[in-house]
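This briefing goes through one structure by topic. The sequence and the structure come first, followed by the notes.

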Amino acid sequence: VEKDEGKAIHFLEEAAIGGDPIARNRLGRIEWNIGNTERALKHFIIGAKLGDDDLIKVLMEAFRNGLVSKDDLAAALRAHQAAVDATKSPQRDAAEEYRRKWSIVEPK
């Protein structure tokens, strides 16, 4: 099967516009790899604000390297926490407890 990278990026962009933090993560990494650091960081900040834990780590590292301002990092951390808090529920807590108890790996 042939890969159409242009089409893949198009659908990632559509997903990102729709609020998918994983799409933001992937688009940010694509931009980073081709040298578009500023655009990559924008994707990382938006994805972190949508609740992506991995992107918080990326932003922390970018902050340590002077690529992200303290204000941008603080805003991303606050929005990330709000997104995480918004997804909490007793059913999710029970599912997480079950997953941990039985060592079930969460699909990515």
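Glu 96 is partly exposed, at 23% relative accessibility (buried is under 20% relative accessible area, exposed is over 50%, and partly exposed lies in between, with a 1.4 Å probe and protein chains only). This is a predicted model, in which local features need pLDDT of at least 70 and side-chain atom pairs count only at pLDDT 80 or more, while totals for chains, interfaces and linings use all residues. Residues are numbered from 1 along each chain as its sequence is written, and side-chain values use heavy atoms, with hydrogens and water left out.

**Helix H6 (90-101)**
- The side chains of Glu 96 and Arg 100 form a salt bridge at 2.9 Å, N to O (a side-chain nitrogen of Lys or Arg within 4 Å of a carboxyl oxygen of Asp or Glu).
- Both residues lie in H6, 4 residues apart, about one turn of the helix (helices are DSSP runs of H or I, at least four residues, numbered from the N terminus).
- Arg 100 is exposed, with a relative accessible area of 59%.
- A network of salt bridges links Glu 96, Arg 99 and Arg 100.
- Of the 12 residues of H6, 0 are buried, so the helix lies largely in the open.

**After H6**
- Trp 102 lies in the segment that follows H6 and is exposed at 53% relative accessibility.

**Other salt bridges**
- The whole structure has 5 salt bridges.
- Glu 61 pairs with Arg 64, with the closest N and O atoms 3.1 Å apart; both lie in helix H4, 3 residues apart.
- Glu 61 is partly exposed at 38% relative accessible area, whereas Arg 64 is exposed at 56%.
- Lys 88 forms a salt bridge with Asp 85, the closest N and O atoms being 3.7 Å apart.
- Lys 88 is exposed at 55% relative accessibility, and Asp 85 is partly exposed at 41%.

**Nonpolar core**
- The largest nonpolar core has 12 residues, among them Phe 44, Leu 59 and Val 68 (a core is a set of buried Ala, Val, Leu, Ile, Met, Phe, Trp, Tyr and Cys residues joined through side-chain atoms within 4.5 Å).
- Helices H3 (37-49), H4 (53-64) and H5 (70-86) each give two or more residues to this core, and H3 provides the largest share, 5 residues.
- Beyond its neighbours within four places in sequence, Leu 59 is in contact with Phe 44, Ile 45, Ala 48, Val 68, Leu 73 and Ala 76 (contact means heavy atoms within 4.5 Å).
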